[in-house]
Amino acid sequence: MTRVAITGIGVITPIGSGRQRFWDALLAGTSGIRPVASFDTAPFPVHIGAEVQDFAPEQHLRRLNPSTTGRASQLAAAAARMALCDAGLDAERLDVRRTGVSMGTTSGEPLFIEKYNNVRKAEGEEAIPADIMPRYPCHVIPTHIAMELGIRGPCLMIPTACAAGNYAIGYGFDVIRSGRAEVMLAGGADAFSRITYMGFSRLGAIAPKRCQPFDKNRKGMVPGEGAAILVLEPLEAASARGATIYAEVLGYGVSCDSHHMTAAHPQGDGAIRAMVAAMRESGISPDDVDYISAHGTGTPTNDRVESLAVRTLFGDGASAVPMSSIKSMIGHTMGAASAIEAAACSMALKSGWVPPTMNYEEPDPECDLDYVPNEARKIDPRVVLNNAYAFGGNNASLCLGRYEG
Amino acid sequence: MSPRVVVTAAGVISPLGAGLENFGCALYSGKSALAPAARFPGVTAADLGEFNPQPWLGNKGIRVLDRSARLLAVAAQMALTGAGLSQEGAETGDPDLGLVCGTVFGSVHSITSFDWSGLTEGPTLVNPMEFPNTVINAPAGQAAIKHKLRGVNSTVCAGLASGLYAIHYAAEFLRFGRARALMAGGVEELCEESVLGFRKTGVMSESGCARPFDEARDGVIPGEGSALWMLELDDAAKARGRVPWVEICGFGSAQDAHSICGFDVRGEGAAEAMEQALMFSDIAPEQVACIIASASGSRAGDAMEARALDAVFGDRLADIPLCAPKAAFGEAMGASGAMGAVVAGLALQQQQIPPTAGAGARKGLRISGEAAPIAGEYALVNAFGCDGNNASLVVRLWKN
């Protein structure tokens, strides 16, 4: 079976954009969580969010017009340009028919729904511009990447909510393995939206001040936005062209809780099965896993169930596997989250360092693992597991390995 | 040789007919479901109207499902029952049974309504129970809960090609050994938001008649519904004593990288998708016994497909029976590709191409308002979109 390498990383996050800036900020424990700026939170009981601060679309986009392109598409297309550049691939010299896009998202382009309703409320339905509805459906995100880069191969959006990034990287991995493309741009993107904020706020899921995954006093998640794109290639081809290989995709596993639309299965049934499937496909056992990038949203339930799932699966060895949540710094970037986390995992495998869980102060008896509290750690991982769980009971675990050259 | 993926059942709910038999009968009798839609004054559509899922789903747990989730759950109920894989009565569902759903607008009505409530009543007064339905994967997640589907659960979006992408995605998952049985296809609901989109962008037929490939065509007629195939590996189907219906052969896809809302009339991506589908099926164009077209009555879209068909099949095109079933069930968006695949399966099984509702003679295409015999094992299904997504699938009549 064709082995698949990660050779390029493009990220836009609330703690900075570009592979190195993001990674440095992550290891330094930087927080991207601030008072929400993109809309007025006065009517809400909470006011913090993780918005991207440093993004100017016109600095990145050469073909797309920012004024007619949704924010999630802008973030995604910019991250795609960064990733290609990072991989040392020239967009103008790609075999475009053998290059594809695979993306994940939670909400697609929800700002167009907000605009639809704003206009409807202010001026009535007949005033709604004709171009709003065609710009909303989530498939426009990968299509916009294809348009920006002239890519003409497979092009798919997999909107499996907050696990979507892992699903999308998984599909990119499948496309390379089945010989349908030579290069895949795979990742996730979501834009900060009042709809998402309102939903999580009404569920009582948003933390008032900060995100504290696995801490005894954790109060919730913090909605965020961002994008990450990984460049995937056959490992042999990447090696032959002398590309930097950050990591190898070993396999992935998906499952469905079939239990509740928003609440995790109380025993972590689906989470366990996704991890087991990912490890089986990767040909590894729990003993081989050196680090887990947690879904770790910071909500009381998620963190307890995820810890329980890892404890159940790894048994006594669970405490010896460092597991951290970068959502403590970048918030929950929705469909981009597991793609950004996969980028972080790739950098962990390349650099030997793993990022910390910030704001960790008081251990919770129900979360009894090593969460890499507050300080990055050098552990030289060889195999890492990236967990992602979503509304709809959609779970996906991705397994990445160090490339030994 | 990679494992063979076969179809063991189908579920379809469309204004043309609910259930494979009703859908097939209506299609072969030349009926069309396009009519003035009571829910949308002044709009002609293939609309299920006040659709009631209760006959299929009972009453339990239905209230929280939005229209898309209900349509999908009904199609899933049919496919599960047809395949003998219903999990009803089971304490926990089968962890190797799952669902892959294609859609275009997905939960657009649920998300718009939720935001509207927040905007008009205030964000602290919206009903939190309505939030879960706003995510695009909500129909698939809800159907999984309703039918106890614990295996692979995925939602895939590639515009009007979504339904075929879903079938391909599920077939790949089966080949990679990640599931034992997967339902795959698509769902789309008609709602005020999507109808407004159709209306405002001017793609809708003013005459209220979809005339695929016709010189006089003047636009599309929106539709809705859901279609799913139950896919399994042939060995697994055989072990259960099931006789497959058709086999999934090659899939092809290409993106035009042209526009999110305008066909690239050069048709290069469409031709590429068809050529790949033939190549991955290891067959030559002359082995194609019939074509289920994507054509919907769109001026640009149908011209693009005609040009691409000509590029792939050349002079032989005029000899290959072709059906454009959107003349009967409208542009059902995320469900269209899957409905087209169901039509292909029926055509192979009956060795007869269904009529294209209301079609007269078309230059260079063998299309007819009457059913006609076909001879051969392979059918080609197309799903091409104005978003630049093109997909084609070859299916084969099952032979051991």
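Here, "buried" means under 20% relative accessible area, "exposed" means over 50%, and "partly exposed" is anything in between, using a 1.4 Å probe and protein chains only. At 15% relative accessibility, Ser258(A) counts as buried. This is a predicted model, so to speak of local features we need pLDDT of at least 70, and side-chain atom pairs count only at pLDDT 80 or more, while totals for chains, interfaces and linings use all residues. Residues are numbered from 1 along each chain as its sequence is written, chains are lettered from A and ligands numbered from 1 in the order in which they are written, and side-chain values use heavy atoms, leaving out hydrogens and water.

**Strand β5 of chain A**

- Helices (H or I, at least four residues) and strands (E, at least two) are DSSP runs, numbered from the N terminus.
- Strand β5 of chain A covers residues 99–104 and is mostly covered, with 6 of its 6 residues buried.
- In a regular strand, side chains alternate between the two faces of the sheet.
- On β5(A), Thr99(A), Val101(A) and Met103(A) point one way, Gly100(A), Ser102(A) and Gly104(A) point the other way, and all are buried.

**Who β5 pairs with**

- Two strands pair if DSSP finds at least two bridges between them.
- With β7 (residues 183–190) of chain A, β5(A) pairs in the parallel sense over 6 bridges, and here Val101(A) sits opposite Leu185(A).
- With β6 (residues 155–158) of chain A, β5(A) also pairs in the parallel sense, over 4 bridges, and Gly104(A) stands opposite Ile158(A).

**Cysteines**

- A disulfide is a covalent bond between the sulfur atoms of two cysteines.
- Cys256(A) is in no disulfide, and its nearest cysteine sulfur, that of Cys101(B), is 13 Å away.
- Cys256(A) is buried, at a relative accessible area of 0%.
- Cys323(B) is in no disulfide either, with the nearest cysteine sulfur, that of Cys290(B), 8.7 Å away.
- Cys323(B) is buried too, with a relative accessible area of 0%.

- Most residues other than glycine have a negative phi.
- Ser258(A) is not a glycine, yet has a positive phi of about 50°.
- You'll find Ser258(A) in the loop between β9 (247–256) and α9 (269–282) of chain A.
- Asn359(A), also not a glycine, has a positive phi of about 60°.
- Look for Asn359(A) in the loop between β12 (353–354) and β13 (377–378) of chain A.

Conventions:
A disulfide is a pair of cysteine sulfur atoms within 2.5 Å.
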